[in-house]
Amino acid sequence: MESAISSPLSTSSHMLPSPSRSSLGSRSHSFPSLPNLRYPSFKSRCFLGIPFRSRQTQPIRCQSSNQQPAKDDGFVIEDVPHLTDFLSNLPSYPNPLKQSQAYAVVKQTFVSTDDVVAQKVSDPFPRFRKREKKVVVQKDDPRGVHFRRAGPREKVYFKSDEVRACIVTCGGLCPGINTVIREIVCGLNYMYGVEDILGIEGGYRGFYSKNTLRLTPKVVNDIHKRGGTFLRTSRGGHDTNKIVDNIQDRGINQVYIIGGDGTQKGAALIYKEVEKRGLQVAVAGIPKTIDNDIAVIDKSFGFDTAVEEAQRAINAAHVEVESVENGVGIVKLMGRYSGFIALYATLASRDVDCCLVPESPFYLEGRGGLFEFVEERLKENGHVVIVLAEGAGQEYVAQEMQAVDGKDASGNKLLLDVGLWLTEKIKDHFTKVQKMAINTKYIDPTYMIRAIPSNASDNIYCTLLAQSAVHGAMAGFSGFTVGPVNSRHAYIPISRVTETQNTVNLTDRMWARLLASTNQPSFLEGNELHERVDKEDVDVINHNMRATSI
Ligand SMILES: Nc1ncnc2c1ncn2[C@@H]1O[C@H](COP(=O)(O)OP(=O)(O)OP(=O)(O)O)[C@@H](O)[C@H]1O
Ligand SMILES: O=P(O)(O)OC[C@H]1O[C@](O)(CO)[C@@H](O)[C@@H]1O
Ligand SMILES: [Mg+2]
């Protein structure tokens, strides 16, 4: 029973009416406080009698009498909220999947409520223990941070015919959004018999400024073959109260939110407001970003597709510069604060001579600088291809352009065109300083790598994400994000995926692999430019770039 972990779940056969503004908004709810169950909770939940411990807190003993004595073995679970945390009498029902033909022959239809996913798979005593490292673990397993494993539960907290779900997509595009939309609709309908699914158009602002779309498996049948988002998207416009008012007004009780870090922050606020109002509304986040910078999860959907599409741009640059004398190809790829697309596209291609990412400051002049490297490669091969992430070298461009600090509607800093800047710099240097004729080709495929449908593996990944989100919402979890951790899908507290961003770790083997593959300079030793942008400056710049006005 789920309650072993989190809550005294009632199995009464009565269902609370679907929340509507009139039934819930006007009442003031005082739900009994459950001292060891509430969210943000990490403070005092128990797992098999062992208290969960957050990264920040010390273990706290569980108060219920039937729990085993606490043992501090460093096992930590970062759990997600459950509707029963604040709706203690919420009835549950047997999961209709039991009757579904899809799961009829599955050995273990339901995820064991004790299953958690280890954030890091590392055996602290590999020499002494003769056992396999496991990703999904149960009791007596090693210390470390764990998340609740995603998947269908034996009990659900919604009657299928009382579900009114909605889906919204926010932020920039990403291959696979339509697949996620499709699979949420089909998953709800085929697995749980849900028929009432609404599409919120045009991002968060669509909740309060647009009519909804009715989504059925038939309506979404083909959308995965198209790029973009069937529901359209926007930046800005997050107004928590207006959104939750609208959720209440429309009687929506499951909200699926597809979007990046900003969107997930918005989802956390929606969940908090829903909890404050005591609504039986499951809020599920599906993380999306082309930049692959979402913390905790292994990889974000659409990333592989984008890397694949980037090959075409790199290939074009290579063909162009190979065909002329002293050809210098420059390809700018997306990646605001993290250079994953540039890194992986470079590693995949083998035609790239040098990859520049925001995480690794580079410099142009002097020993070990980019100009020297370009010159060497031109002498050696007659051509050179540089791939750079759009966020790379922003500080240098800003210094020279004295640009005004522009922001988009969500408060994200608008980037300067580093590709154009670098092209001009290289041109200038070789023509004026080196007196050497070069042939530059600048390719900026920015939107082309994200405005396409997802490839086969991303499609499968999107399906898993969507189904995991549906299982989680039906099981009564809320305020969670879903995603693979160590290749197993898990329910992750939203704050864990928004508190930091994944960036390319320069001390990691992957960056070393790239350096080894391109044989480019690491730019660790620098001249004037490098010295000017010391670590402190880079930190300040990064901080400023991350700052949003919301
Ligand atoms: N801190 C925040 N709190 C509440 N809402 C936010 C916050 N940051 C962003 N949002 C809202 O989330 C939506 C999307 O945010 P944003 O434009 O930053 O894209 P994103 O979700 O980060 O996706 P990506 O950056 O990958 O394109 C916008 O509607 C914005 O208003
Ligand atoms: O031009 P738009 O649509 O605001 O999106 C651009 C940004 O969105 C992203 O794709 C995702 O954050 C970035 O890489 C890029 O800078
Ligand atoms: Mg973002």
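Helices here are DSSP runs of H or I with at least four residues, and strands are DSSP runs of E with at least two, numbered from the N terminus. Counted that way, the protein has 15 helices and 19 strands. Welcome to this structure, which is a predicted model. Of its 550 residues, 50% count as buried. Among contacts with a separation of 6 or more, 78% link residues 24 or more positions apart.

**Two domains**

- The domain assignment gives domain 1 (72-299 + 454-502) and domain 2 (303-452).
- Taken over C-alpha atoms, the centres of domain 1 and domain 2 are separated by 36 Å.
- Where the two domains touch, 21 residues come from domain 1 and 18 residues from domain 2.
- On the domain 1 side of that contact, the residues divide into four nonpolar, 12 polar and five charged.

**The largest nonpolar core**

- As background, nonpolar side chains in soluble globular proteins tend to be buried together.
- In this model, the largest nonpolar core holds 132 residues, and those with the most contacts inside it are Tyr-256, Ala-284, Ile-341 and Val-387.
- Helix H2 (residues 177-192) gives the most to this core, contributing nine residues.
- Domain 1 (72-299 + 454-502) and domain 2 (303-452) each supply at least three residues to this core.

**A four-stranded parallel sheet**

- Strands of a sheet pair through backbone hydrogen bonds, either parallel or antiparallel.
- One open sheet in this model has four strands in the order E15-E16-E14-E17, and their pairing is parallel.
- Strand E15 (354-356) and strand E17 (439-443) each have a single partner strand, so they stand at the edges and one side of each is left without a neighbour in the sheet.
- From one strand to the next, the twist averages 15°.
- Strand E14 (residues 327-333) pairs with strand E16 (residues 383-389) in the parallel sense, over seven bridges.

Technical notes
Residues numbered from 1 in each chain as written. Chains lettered and ligands numbered in written order. Predicted model: local features only at pLDDT ≥ 70, side-chain atom pairs only at ≥ 80, totals over all residues. Pairing = 2+ DSSP bridges. Axes fitted to C-alpha atoms, helices over the stretch in contact; angles between N-to-C directions. Buried ≥ 20, exposed ≤ 12 C-beta atoms within 10 Å, placed from the backbone. Contact = placed C-beta atoms within 7 Å. Core = buried A, V, L, I, M, F, W, Y, C linked by C-beta atoms within 7 Å. Domains from an automatic or database assignment. Nonpolar A, V, L, I, M, F, W, Y, C, P; charged D, E, K, R; others polar.
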